[in-house]
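Here are my notes from going through the model you sent over. Have it open while you read, and take the points in any order.

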Amino acid sequence: MDTQKKGIGKGELIALIVSSCIGTGIFGITSDVAAAAAPGPALLAWLFVAFGFLMLVLSLNNLSNKRPDLQGGIFAYAGEGFGPLGEFISGWSYWLSAWLGNIAFATMLMSSIGTFIPTFKGGQNVPSIIVAIIFCWLLTILVNNGVESATFVNMIGTICKIVPLIIFIIIMFVCFKGGMFTADFWGKVASNATKGTTTGSVWTQMKGTLMTLIWVFIGIEGASVMAHRAKSRSEAEQASVISFILLVIIYVLISILPYGALTRAQLAGMGQPALGHVLEMTVGHWGAVLINVGLIISTIVSWLSWTMLPAETTMLVADDKAMPKAWGKVNSKNAPTTSLMITGVLQTIFLFSLLFTEKAYEFAYSLCAAAILFSYLFVGLYQMKLSSERKEWGQYTVGLLSALFMFACMFLAGWQEVLLVTISFIPGFCVYYAGCKEYNHKFSKAELWTMGLILVLSVVAIVLVCNGTITIS
């Protein structure tokens, strides 16, 4: 029986989920999708990705209902299904993805500021990196002192995100030209007009968009956490699915409508944030100002929230004894200082490395998306395991499709980024070993084989980077 209780209503829950999922990625998606695909392949890619993430959302809904006792984040499912090492791999990947997402925030923020202050134009020069590092440590210190995003701050960030996007969609509808949209619908035209874009098979173009589309869906797992605040279980499930559908509609409109206002080559050649450049070319400079002011405010607000997320991740994993106690230790303000400081140092180092990458924002979010695929994969695998034990074959199929989607994204689109992520497990397994020593946990044969395989892949990744097969750009 689905009893009513005090909590958030369906409409309010939908608003919370949508606003929390829409981040900086949507402000840059237009040029990245256009560089990889023409309108037809891009729409097919959206269909593929939307189906895969729908399976993930349905899996999370089911697991939230069947295992409400597992409250330690999505990596708790990996721990329950596959032991401490499974939880560590999922938690480590989620932690890595979270702070790499902050690197993407930093590059997008500085690019936006560059609209007003030319010194920061492009977002990946020395002045930009220095200011980004200052932002990084300011937010880290704030969070370490117990300053978390208040409700009114989140509200400001949400308004600054949503209003410019609505205006953008309206303008794109007004400027839309059917002839321009269909001129090269499948991306088969190879000429000087398409310089900087991908031509080739529909499947090749689809693959080129996958990591970009995955990036904008990161955070969808938060729906399962927010669902616990709903008035009833049925409303929570409905809100999760409705929110997902709304997000897909918003994302598709933002990324596809510009094909009818500007040429694909124009879209692909734009810097970040792409939405600002699109509006500047269609309505004038005020369009760029509108997008960039909103983006600057919403990025800072989102960055504050996401500064806490990596630390919360390691804290929860450490509480489950899959990481050393120090990673979960909190100070008098209830903030995990050790984890915050480690994450801050790593972000600082990585920001300096962006001086040597051609497309810093794209590189950061590609690694971010590749890392979180590990965590999402474990959700599908545990959905399969739990459903098999309970002989719920419909739910088993949902988990299977979710897991297959994550595998497909890993091997078809992001294999280079996935290999780069495995390098992080070289120090990662040292952390896991330290935790095992603290808790007197002895490695099983399965754990040894799993760690061995991942370490082999990390060595392969290092070799491919050194010989130039994998380029960091």
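1. Ground rules. This is a predicted model, where local features need pLDDT of at least 70, side-chain atom pairs count only at pLDDT 80 or more, and totals for chains, interfaces and linings use all residues. Residues are numbered from 1 along each chain as its sequence is written, and side-chain values use heavy atoms, with hydrogens and water left out.

2. Helix H3. Helices here are DSSP runs (H or I, at least four residues), numbered from the N terminus. H3 covers residues 39-66, and its end C-alpha atoms lie 40 Å apart, which agrees with the 40 Å that 28 residues should span at 1.5 Å a residue. The expected span is 1.5 Å times one less than the number of residues. Of those 28 residues, 20 are buried, so the helix is mostly covered (buried means under 20% relative accessible area, exposed over 50%, partly exposed in between, with a 1.4 Å probe and protein chains only).

3. H3 against H16. Helix H16 (residues 393-413) packs on H3 at about 135 degrees, with the axes 8 Å apart. Axes are lines fitted to C-alpha atoms over the stretch in contact, and angles run from 0 to 180 degrees between N-to-C directions. The pair is therefore oblique (under 35 degrees is roughly parallel, over 145 roughly antiparallel, 65 to 115 roughly perpendicular, the rest oblique). The residues in contact (heavy atoms within 4.5 Å) include Phe48, Phe51 and Leu58 in H3, and Val398, Leu401 and Phe405 in H16. By class, the contact of H3 with H16 has twelve nonpolar, six polar and no charged residues. For the classes, Ala, Val, Leu, Ile, Met, Phe, Trp, Tyr, Cys and Pro count as nonpolar, Asp, Glu, Lys and Arg as charged, and the others, Gly among them, as polar.

4. H2 against H8. Helix H2 (residues 25-36) and helix H8 (residues 202-217) cross at roughly 175 degrees, and their axes come within 9 Å. H2 and H8 are therefore roughly antiparallel. Among the residues making the contact are Ile29, Asp32 and Val33 of H2, with Thr209, Leu213 and Trp215 of H8. The tally for H2 with H8 is seven nonpolar, five polar and one charged.

5. Gly25. Apart from neighbours within four places in sequence, Gly25 contacts Trp215, Val216 and Tyr361. Ile245 is 220 residues away from Gly25 along the chain, and their C-alpha atoms are 18 Å apart.

6. H5 against H14. The axes of helix H5 (residues 126-144) and H14 come within 10 Å and cross at roughly 175 degrees. That makes H5 and H14 roughly antiparallel. Trp137 and Ile133 of H5 are among the contact residues, as are Leu340 and Phe352 of H14. This contact of H5 with H14 has eleven nonpolar, six polar and no charged residues.

7. Two asparagines to look at. Most residues other than glycine have a negative phi. Asn334, though not a glycine, has a positive phi of about 65 degrees. Asn334 sits in the loop between helix H13 (285-319) and helix H14 (337-353), and counts as exposed at 52% relative accessibility. Asn440 also has a positive phi, about 55 degrees, in the loop between helix H18 (425-438) and helix H19 (445-466). At 69% relative accessibility, Asn440 counts as exposed.
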